[in-house]
Amino acid sequence: MEKLLMESRVLLQSKEFCQKIARSISSSSGCAGKPIVKWTEVQSWFVARQQESTLKVPSLTDTSKNESRIPQTCPLNNGHQSCQILKGLVSKVGEKVPDLSELEFEAMSSKDGAWYDVDMFLTHRFLGSGEAEVRVRFIGFGAEEDEWVNVQKAVRGRSIPIEHSECHKVIVGDLVLSLQERRDQSIYYDAHVIEIARKTHDLRGCRCLFLIRYDHDSSEERVRLRRLCHIPGQQIR
């Protein structure tokens with residue numbers, strides 16, 4: 001596209017020409033699984049470049065810049081690069097970590113709304129809206145289950161099981177990650193604590209019962225503390 005920009009400044013204003021370029025980009029193997037590129041986005045890109053203006057897209061790195069509204073992708077070849085792309089998430093983890101490679105993450109699947117531990121970040125891209133997405137591989141799942149997820153809305157530091165000694169810190173209204181146990185599967189979902197029945201602890205630990213309401217389907221159930229996890233960024237009292 002840079003070469004085309006240099007060759008002709010009139011042709012680039014043509015709707016037919018931009019449609020042809022958009023179809024070519026969208027059908028290329030490198031754009032498999034990505035949003036379809038609109039001809040107006042191509043035209044806007046050329047116009048912006050001709051006017052020698054740049055469009056900055058919010059980035060999670062200090063060096064990433066995007067001068068178009070066309071989604072861009074960048075492979076993450078190792079853990080170091082993954083952590084650099086996800087610098088913006090450090091504040092959500094809630095702790096200062098000297099080495100970003102020490103951080104562990106979880107991501108919400110768009111298929112069922114459940115949270116799964118992230119094994120690795122494969123690539124990232126910026127949408128026309130400026131939002132960043134990463135393609136993740138979940139622990140225990142193969143490449144066929146890889147997903148694109150929104151960095152700000154569906155990626156966070158890995159949740160931590162609540163210790164028996166921290167039982168008193170959980171109060172009504174808290175957002176927690178809860179293990180929803182079903183006959184065929186057990187999956188972690190976000191839930192809110194709506195009632196607590198405090199009980200005396202014994203040798204087995206906490207015996208309190210927590211009535212929770214799952215965010216994804218509004219169903220309710222009483223669970224033991226062992227099924228609850230603290231979500232990074234949520235206040236522990």
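Entry 1. Before reading any values, I noted the cut-off: a residue is buried if its relative accessible area is under 20%. I also noted that the model is predicted.

Entry 2. I looked up the chain as a whole. Its secondary structure comes to 6 helices and 12 strands. Of its 237 residues, 40% count as buried. The accessible surface is about 13800 Å², and 50% of this surface belongs to carbon and sulfur atoms. I then turned to contacts between residues at least 6 apart in sequence: 51% of these join residues at least 24 apart.

Entry 3. I asked how many aromatic pairs the chain holds. The count comes to 5 aromatic pairs. I looked up Phe105 and Phe121, which form an edge-to-face pair. Their ring centres are 5.6 Å apart, with 75° between the planes. This pair links distant parts of the chain, 16 residues apart. Phe105 belongs to strand β2 (residues 105-108), and Phe121 belongs to strand β3 (residues 115-126).

Entry 4. I looked up Tyr189 and Tyr214, an aromatic pair that is edge-to-face. The distance is 6.4 Å centre to centre, and the angle between the planes is 75°. Tyr189 lies in strand β9 (residues 186-197) and Tyr214 in strand β10 (residues 209-214), so the pair ties together parts that are 25 residues apart in sequence. I then asked why Tyr214 counts as buried. Its relative accessibility is 1%, and the cut-off for buried is under 20%; therefore Tyr214 counts as buried. Tyr189, at 7% relative accessibility, also counts as buried.

Entry 5. I searched for rings that group together. Tyr116, Phe138 and Phe141 form one aromatic cluster.

Entry 6. Finally, I asked which charged ends sit over rings. The charged end of Arg125 sits over the ring of Trp148, at 3.9 Å from the ring centre. The ring of Trp115 has the charged end of Arg156 over it, 3.5 Å from its centre.

Entry 7. Phe105 and Phe121 are an edge-to-face pair between strand β2 and strand β3. Tyr189 and Tyr214 are also edge-to-face, and they connect strand β9 with strand β10.

Conventions: Residues numbered from 1 in each chain as written. Predicted model: local features only at pLDDT ≥ 70, side-chain atom pairs only at ≥ 80, totals over all residues. Heavy atoms only, no water. Phe/Tyr/Trp six-rings, centres within 6.5 Å; stacked < 30°, edge-to-face > 60°. Helix = DSSP H or I, 4+ residues; strand = E, 2+ residues; numbered from the N terminus. Buried < 20%, exposed > 50% of the residue type's maximum accessible area, 1.4 Å probe, protein only. Lys NZ or Arg CZ within 6 Å of the ring centre and 35° of its normal. Contact = heavy atoms within 4.5 Å. Areas by Shrake-Rupley, 256 points an atom, 1.4 Å probe, with all protein chains shown as cover.
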